[in-house]
Amino acid sequence: MTTRSQNPSQITVGDELPPFELNVTSTVIVAGAIASRDFMPAHHDPVFAKAQGAPDVFMNILTTNGYVARYVTDWAGPEAMLTSIKIRLGAPAVPGKPLRFSGRVTAKSAAGGACVLELAVRAVNDLGDHATGTVTLSLPLG
Amino acid sequence: MAEADPVRAAVEKYVGKAMGPQSAAPDPVNVPMIRHWVDALDDRNPVYLDEAIAATTRFGGVVAPPAMLQTWCMPRPKIEGIAERGGAPNDMRFDNPISVLDEAGYVGTLATNSELEFVRYLRPGDHLTLSNEVESISNRKTTGLGQGYFVTWVTTYRTTAGEVVGRQLFRILKFDPSTIDLSKLKAPR
C-alpha cells in the first residue's frame with residue numbers, strides 16, 4: 001500500500017473506493033483463522049465444515065473484519081483511524097470464490113480537528129453478499 | 001397479548017445481564033502476533049510494524065490493526081476434542097441463553113451482525129480484559145432458516161487499568177433446523 005494518506009479536502013461524498021478482489025483460497029481462510037486465534041474446525045477442516053452443511057471451510061468473522069479494515073485503510077492511508085466496522089453477514093467466503101470489495105463515501109464531517117468519514121462497504125462473491133455495512137474513520141485535517 | 005412462548009420466557013432472565021465471567025487476554029498486545037496477522041492478511045499498512053514511519057503519523061508509534069481487537073482476547077484452545085465440542089475452544093461452561101436455546105431444539109447458529117467500535121488503537125503492552133452482556137433476545141421469528149431467536153450481546157474490551165478501548169456488538173440467530181421450510185430455500189446462484 002502507499003504510505004501517503006488521503007487528503008481530506010479532496011474527498012467528496014459519493015467518491016468510490018477502488019475495487020479490490022481477494023482470491024479466496026483455503027490458505028487465505030486458514031491463515032486468517034489462525035492469525036486471529038480462531039481454532040473452530042469449520043475454518044480449517046473441510047470434513048468438519050461439510051458435516052455442518054457448509055460447502056467447504058469458510059472464512060471466520062474476525063478475518064472478514066480484518067479484510068474490510070485493510071480494504072479501507074489501503075485507500076485511506078496510514079493516517080486513517082477506524083472508529084467502527086459495522087457489518088451484516090451473509091454468504092460464506094469459501095475457497096475458489098473470489099471476494100469483490102467495493103466502497104463509497106456516504107458522509108463527511110469534521111470533529112475535533114479531524115475529518116470524519118462514513119463509508120458504505122460491500123464484499124460479494126458468487127453466492128451473494130458476504131458482508132455489507134458501514135465503516136467510520138477519521139483523518140487528521142491538514 | 002402475544003401467544004405464551006415458554007422458550008422465550010426461559011431466556012428472559014438473561015437480558016441485560018453479564019454473560020459469563022470477565023476474562024483476560026492470554027498475552028498483552030504484542031508485535032509477534034501483529035506480524036503474524038499482517039502477513040496472514042497481507043495488510044501492509046506501515047503503522048502496524050514500521051516504527052520509523054509510524055512515529056511520523058498521528059499514532060506516534062506502532063499500533064495494532066484495529067480488527068485484531070477480538071483476537072487478543074480469544075481463549076486459549078484445547079485442541080483435543082475441539083470438533084466433538086462443536087468448535088468450542090475449551091470446556092468452560094457457564095449459564096447462558098444460547099445453551100438454553102440449544103436444549104430447546106434451536107441448535108442451529110447463524111451469525112448475522114458484527115459491530116466493532118474502536119475507542120482508541122492499541123499499542124504493544126496494552127493488556128485487555130473482556131466482559132459480555134446480553135443486550136437483547138428477540139421473540140420467536142420465522143426466518144429463511146425456520147423458527148428462531150435473535151440473540152444480541154455486547155462485548156466491552158478494557159485495559160487491565162479499566163480503560164474502555166473498544167466494544168463489539170454481536171448478533172446470532174439460533175434456529176431449529178427441523179422447522180426450515182425447504183420449499184422456500186433459494187438455490188445458490
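Reader: What percentage of the 142 residues of chain A count as buried?

Author: The general idea is to count neighbours: a residue is buried if 20 or more other C-beta atoms, placed from the backbone, lie within 10 Å of its own, exposed if 12 or fewer, and partly exposed in between. In chain A, 43% of the 142 residues count as buried. Please keep in mind that this is a predicted model, where local features need pLDDT of at least 70, side-chain atom pairs count only at pLDDT 80 or more, and totals for chains, interfaces and linings use all residues. Residues are numbered from 1 along each chain as its sequence is written, and chains are lettered from A and ligands numbered from 1 in the order in which they are written.

Reader: Which elements does chain A have, from the N terminus on?

Author: Helices (H or I, at least four residues) and strands (E, at least two) are DSSP runs, numbered from the N terminus. Chain A has three helices and five strands, in the order β-α-α-α-β-β-β-β. Its C-alpha trace spans about 55 × 25 × 25 Å along the principal axes.

Reader: Why does G90(A) count as partly exposed?

Author: Because G90(A) has 18 C-beta neighbours inside 10 Å, it counts as partly exposed. G90(A) sits in the loop between β2 and β3 (99–111) of chain A.

Reader: Which residues does G90(A) touch, not counting residues up to four places away in sequence?

Author: Two residues are in contact if their C-beta atoms, placed from the backbone, lie within 7 Å. With that rule, G90(A) touches G128(A), D129(A), H130(A) and A131(A).

Reader: How many bridges join strand β2 of chain A to strand β2 of chain B?

Author: Two strands pair if DSSP finds at least two bridges between them. Here, five bridges link β2 (residues 81–89) of chain A with β2 (residues 108–118) of chain B, and the two run antiparallel. In this pairing, I87(A) stands opposite S114(B). Within chain B, β2(B) is also joined by 10 bridges to β6 (residues 164–175), again antiparallel, and E117(B) stands opposite R167(B) there.

Reader: How many residues does the contact take from each chain?

Author: The contact takes 37 residues from chain A and 35 residues from chain B. On the side of chain B that touches chain A, α2 (31–40), α4 (69–72) and β2 each supply at least two residues, and β2(B) gives the most, with eight. By class, that side has 20 nonpolar residues (Ala, Val, Leu, Ile, Met, Phe, Trp, Tyr, Cys and Pro), six charged (Asp, Glu, Lys and Arg) and nine polar (the others, Gly among them).
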